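Hello,

Here is the structure for you to look over. My notes follow below it.

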Amino acid sequence: MTFSIVLRPARSSDAAAAAPLVYCSGPRELDYLFGKAPEFLRFAFESGRGAFGHACFTVAEREGRVVGVVAVASAQDTLRRDVGLVWSLLRFCKLGAFGVVTRGLRLSRLMPPPSKETLFLSLLGVSEDVRGRSVGTRLIRGVVERAHAEGYAKVALDVAVTNDDARRLYERLGFRVARQRAWAHRGNVPGQRRMELDLTVKAAAPLLERLARSGEA
Ligand SMILES: CC(C)(COP(=O)(O)OP(=O)(O)OC[C@H]1O[C@@H](n2cnc3c(N)ncnc32)[C@H](O)[C@@H]1OP(=O)(O)O)[C@@H](O)C(=O)NCCC(=O)NCCS
């Protein structure tokens, strides 16, 4: 039986349901960055601004409930997203924002911003009760289709070296590990693998077909 979901742009009113899903995408990285990550994520998502604002997200909705989230970014968005994030931080944690910016710069060496030809997928999370029902695959497929339509050469993402289940899912969809980076500072942050899906090769058409089939479940 088809497990029906709808993908749509996120809204401010999704914040309560979406923030825990954003958090589950990388709790150790987000706790390192923000300290009180779940509270900040809800605030930032609702505000709409910056890298964690709803304007960057697509949600998967099932029977009126948000069951999955994914964020998309391009190199052109980087400045606007960073400025929006600092705005949210200054409002949420005032002087604490400076510590977050310092930790964010360290994290950006582990997870550098995308190059111009790349659409970057991040903060993918699906509700525990619907995992394994292709919601994640369909969110990823939506990003790949958008990248293809907008003429990007690649889709890229970072996955923690400890997250083998998610890495296998990405590999099944055609992503390959491009490089791996280790965490070089204090704090409980896992190393990251940068994975890329090449959309320029001739194989792109069959690959998109395969993605379409894998999301039909
Ligand atoms: C990874 C995640 C987004 C996949 O979403 P999903 O809707 O369960 O994925 P799909 O149903 O499309 O695909 C299932 C695949 O995901 C993988 N997977 C990862 N974690 C899983 C889980 N807890 N339950 C079921 N499948 C999981 C499995 O390898 C499975 O592959 P298989 O079908 O070959 O066995 C989801 O499990 C999740 O939110 N995990 C926690 C957050 C996370 O790790 N995010 C990724 C950060 S890079």
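**The ligand site**

The ligand is surrounded by 19 residues, and the closest are Gly132, Ser134, Gly136, Thr137 and Asn163. Bear in mind that this is a predicted model.

Which elements supply the shell? At least two residues of the shell come from each of β4, α6 (135–149), β5 (154–160) and α7 (164–172). The largest share belongs to α7, with four residues. By type, the shell divides into seven nonpolar, seven polar and five charged residues.

A polar backbone atom of Leu124 is 2.9 Å from a nitrogen atom of the ligand. An oxygen atom of the ligand lies 2.8 Å from a backbone N or O atom of Gly132. For Arg133, a backbone N or O atom lies 3.1 Å from an oxygen atom of the ligand. The ligand exposes 840 Å² when taken alone, and the protein buries 73% of that.

**Thr118**

I also looked at Thr118. This residue is found in strand β4 (residues 118–126), and β4 also supplies at least two residues of the ligand shell.

Is Thr118 buried or exposed? Thr118 counts as buried because its relative accessible area is 4%, and the cut-off for buried is under 20%. Its side chain makes a polar contact of 2.9 Å with the side chain of Ser115. Leaving out residues up to four places away in sequence, Thr118 touches Ala73, Ser74, Ala75, Tyr152, Lys154, Val155 and Ala156.

Best regards

Definitions and conventions
Residues numbered from 1 in each chain as written. Predicted model: local features only at pLDDT ≥ 70, side-chain atom pairs only at ≥ 80, totals over all residues. Heavy atoms only, no water. Buried < 20%, exposed > 50% of the residue type's maximum accessible area, 1.4 Å probe, protein only. Polar contact = N/O pair within 3.5 Å; in protein donor to acceptor, adjacent residues only side chain to side chain. Contact = heavy atoms within 4.5 Å. Near = heavy atom within 4 Å. Areas by Shrake-Rupley, 256 points an atom, 1.4 Å probe, with all protein chains shown as cover. Nonpolar A, V, L, I, M, F, W, Y, C, P; charged D, E, K, R; others polar.
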